Amino acid sequence: MDLSEKEKEYFMKEAIYEGIQAERIGEVPIGCVIVLNGKIIGRGHNLREHSQNATMHAELLAIQEANAFVSSWRLPDAQMFVTLEPCPMCSGAIINSRIRKVYYGAPDPKAGTAGTLMNLLTDKRFNHQVEVEKDLMKEQCANLLKRFFKRIRKQKKLKKNQSKTSNSKKKRVS
């Protein structure tokens with residue numbers, strides 16, 4: 001089932017919403033939804049920090065929810081919308097779950113395997129290939145990440161400066 005531009009935008013906005021939920025709890029703001037027959041059947045956002053589990057990526061959580069919804073590990077007619085280009089682990093899960101198409105927002109120059117560093121999703125050596133549409137609402141997705149990391153850097157700098165001030169006060173008292 002091909003989606004209209006309006007539908008694609010709607011589903012990517014839902015993925016962005018999931019990313020915002022991650023940001024609200026201090027996680028990197030990456031969100032994902034899985035769609036089947038025009039309906040969201042799986043949602044996820046990053047939970048690595050809260051769980052201290054490296055596999056708690058938005059895509060994997062959305063796949064797990066979608067698998068439960070359809071009572072199958074296979075999602076051959078499903079589409080994934082994710083705010084950041086999938087990493088190698090998530091690309092492997094996407095291939096293994098037989099998802100038909102992935103739409104992503106921002107490219108990931110450090111770990112992207114849906115076209116940036118390599119394209120695992122369309123590699124003919126695997127038993128399944130996934131269609132990829134990149135740059136869907138790219139600016140909104142990228143800005144979500146940029147704002148988050150800018151705030152994190154600012155917080156770290158503030159802590160560092162507070163620590164220096166505290167240390168210099170201790171030296172003067174001694």
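The paragraphs below lead from the overall build of this protein to a few of its individual residues.

The model is a predicted one, in which local features need pLDDT of at least 70 and side-chain atom pairs count only at pLDDT 80 or more, while totals for chains, interfaces and linings use all residues. Residues are numbered from 1 along each chain as its sequence is written, and side-chain values use heavy atoms, with hydrogens and water left out.

The protein contains 5 helices and 5 strands, where helices (H or I, at least four residues) and strands (E, at least two) are DSSP runs numbered from the N terminus. Followed along the sequence, these elements come in the order α-β-β-α-α-β-α-β-β-α. Along the principal axes, the C-alpha atoms fill a box of roughly 70 × 35 × 30 Å. Of the 174 residues, 45% count as buried, a term that stands for under 20% relative accessible area, with exposed meaning over 50% and partly exposed lying in between (1.4 Å probe, protein chains only). Contact means heavy atoms within 4.5 Å, and among contacts between residues at least 6 apart in sequence, 58% join residues at least 24 apart.

The charged side chains number 31 positive and 19 negative, and the centres of the two sets lie 14 Å apart. In this count Lys and Arg are positive and Asp and Glu negative, with His and the chain ends not counted, and each charge is placed at NZ of Lys, CZ of Arg, CG of Asp or CD of Glu.

Buried residues of α1 include Phe-11, Met-12, Ala-15, Ile-16 and Gly-19. Just after this helix, Gly-26 takes a positive phi of about 85°.

The UniProt record, an unreviewed entry, lists residues 6-131 as "domain: CMP/dCMP-type deaminase"; positions from UniProt are given in the numbering used here, feature names are shortened, and annotations may be inferred rather than shown by experiment. Over residues 6-131 the chain is 36% helix and 21% strand, with the end C-alpha atoms 19 Å apart.

The unreviewed UniProt entry also lists Glu-59 for "active site". Glu-59 is placed in helix α3 (residues 58-70), and it counts as buried because its relative accessibility is 3%. With neighbours within four places in sequence left aside, Glu-59 is in contact with Cys-32, Met-80, Val-82, Leu-84, Pro-86 and Cys-90.

His-57 is found in the loop between α2 (48-51) and α3, and its relative accessibility of 13% is why His-57 counts as buried. Beyond its neighbours within four places in sequence, His-57 is in contact with Asn-46, Arg-48, Cys-87, Met-89 and Cys-90. The C-alpha atoms of His-57 and Glu-27, which are 30 residues apart along the chain, are separated by 10 Å.

Most residues other than glycine have a negative phi. Asn-37, however, has a positive phi near 55°; Asn-37 lies in the loop between β1 (31-36) and β2 (39-45), and it is exposed because its relative accessible area is 63%. Gln-52, also not a glycine, has a positive phi of about 55°. Gln-52 lies in the loop between α2 and α3, and with 64% relative accessibility Gln-52 counts as exposed.
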